[in-house]
Structure formats: C-alpha cells, structure tokens
Amino acid sequence: MAENQLFYPRLEELIRISKKSFNQVERDLGYPRNALHNYKNGVEPSGIRLIELSHYFGVTPEYLLGINNDPKNNGTRIIFESLNDYQKKDLCIICQEWLLSSK
C-alpha cells in the first residue's frame, strides 16, 4: 500500500481504538460533519489538519501518513539510529554527564 493510501486506514484504526465515532472526533476538533470521511478516497489532509489529528490521537504525523510504522516515534530515535556506534557511545556519555550534573 502506498504511503498516501495509509492515512485513512490509520485514521480509522485510531478512531476505533479511541472508542469514538468519526462524528465525535469531528465535533471534538471543530470540523464539519463528514470531514474525515472525505479522506476515504485517498485525499490527504492539509498540514494543519494533519498536525491537529496527530496531536488529538497522540501519534506522529509521519505515522498517520505511512512514512513510518511507529506511532510514537518523535524523530529522536531516527537520529539516534543514524549514528555510528562511536557517536552513540559519545551521546550516551554526554547524557550520563548531563544527568549526573543536573541532580
């Protein structure tokens, strides 16, 4: 399934998990009735609506769009995974020093 085709199924799943209806989510966010059903045909939301929906459900916009499969990935993990082992070790030392100095 292409990235642009994952938005609606993921939105549908998040709504199901939240035990709310599409209409309830639309009311909570101040959207017109059936606004979310309009995405069923593969149309992606505007940037603002994407951010609002991701905040509402506590997931990343990248997850909603199908760019990654981790709904909670905030980018930090992506950066960490892009580092080599030496850089990861340095980062761990920096974090440890920071934690010890902040007490």
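Thr60 is buried, at a relative accessible area of 10%, where buried means under 20% relative accessible area, exposed over 50%, and partly exposed in between (1.4 Å probe, protein chains only). The model is a predicted one, in which local features need pLDDT of at least 70, side-chain atom pairs count only at pLDDT 80 or more, and totals for chains, interfaces and linings use all residues. Residues are numbered from 1 along each chain as its sequence is written, and side-chain values use heavy atoms, with hydrogens and water left out.

Thr60 sits in the loop between α3 (47–57) and α4 (61–65); helices (H or I, at least four residues) are DSSP runs, numbered from the N terminus.

A polar atom of the Arg10 side chain lies 2.8 Å from the backbone oxygen of Asn68. Leaving aside residues up to four places away in sequence, Arg10 touches Tyr63, Leu64, Gly66, Asn68 and Asn69, contact meaning heavy atoms within 4.5 Å.

## Packing of α1 and α3

Two packed helices are described by the angle between their axes and the distance between the axes. The axes of α1 and α3 come within 11 Å and cross at roughly 35°; axes are lines fitted to C-alpha atoms, for helices over the stretch in contact, and angles run from 0 to 180 degrees between N-to-C directions. In this contact, Phe7, Leu11, Leu14 and Ile15 of α1 meet Leu50, Leu53 and Phe57 of α3. These residues divide into seven nonpolar, no polar and no charged, where Ala, Val, Leu, Ile, Met, Phe, Trp, Tyr, Cys and Pro count as nonpolar, Asp, Glu, Lys and Arg as charged, and the others, Gly among them, as polar.

## Aromatic pairs

Three aromatic pairs are found in a search of the whole structure. Rings of Phe, Tyr and Trp (its six-membered ring) pair if their centres lie within 6.5 Å; planes under 30 degrees apart count as stacked, over 60 as edge-to-face and the rest as tilted. Two of the pairs are set out here.

| Pair | Centres | Planes | Class |
|---|---|---|---|
| Tyr8 and Phe22 | 5.9 Å | 20° | stacked |
| Tyr56 and Phe57 | 4.9 Å | 85° | edge-to-face |

Tyr8 in helix α1 and Phe22 in helix α2 (residues 22–29) are 14 residues apart, and their pair links distant parts of the chain. Tyr8 is buried at 7%, and Phe22 is buried at 13% relative accessibility. In the other tabulated pair, Tyr56 is partly exposed, with a relative accessible area of 25%, whereas Phe57 is buried at 13%.

## Positive phi in the loops

Most residues other than glycine have a negative phi, and most peptide bonds are trans. Lys19, in the loop between α1 and α2, has a positive phi near 60° and is exposed at 74% relative accessibility. Asn34, in the loop between α2 and α3, has a positive phi of about 70° and is partly exposed, with a relative accessible area of 37%.

Terms used. Helix = DSSP H or I, 4+ residues; strand = E, 2+ residues; numbered from the N terminus. Polar contact = N/O pair within 3.5 Å; in protein donor to acceptor, adjacent residues only side chain to side chain.
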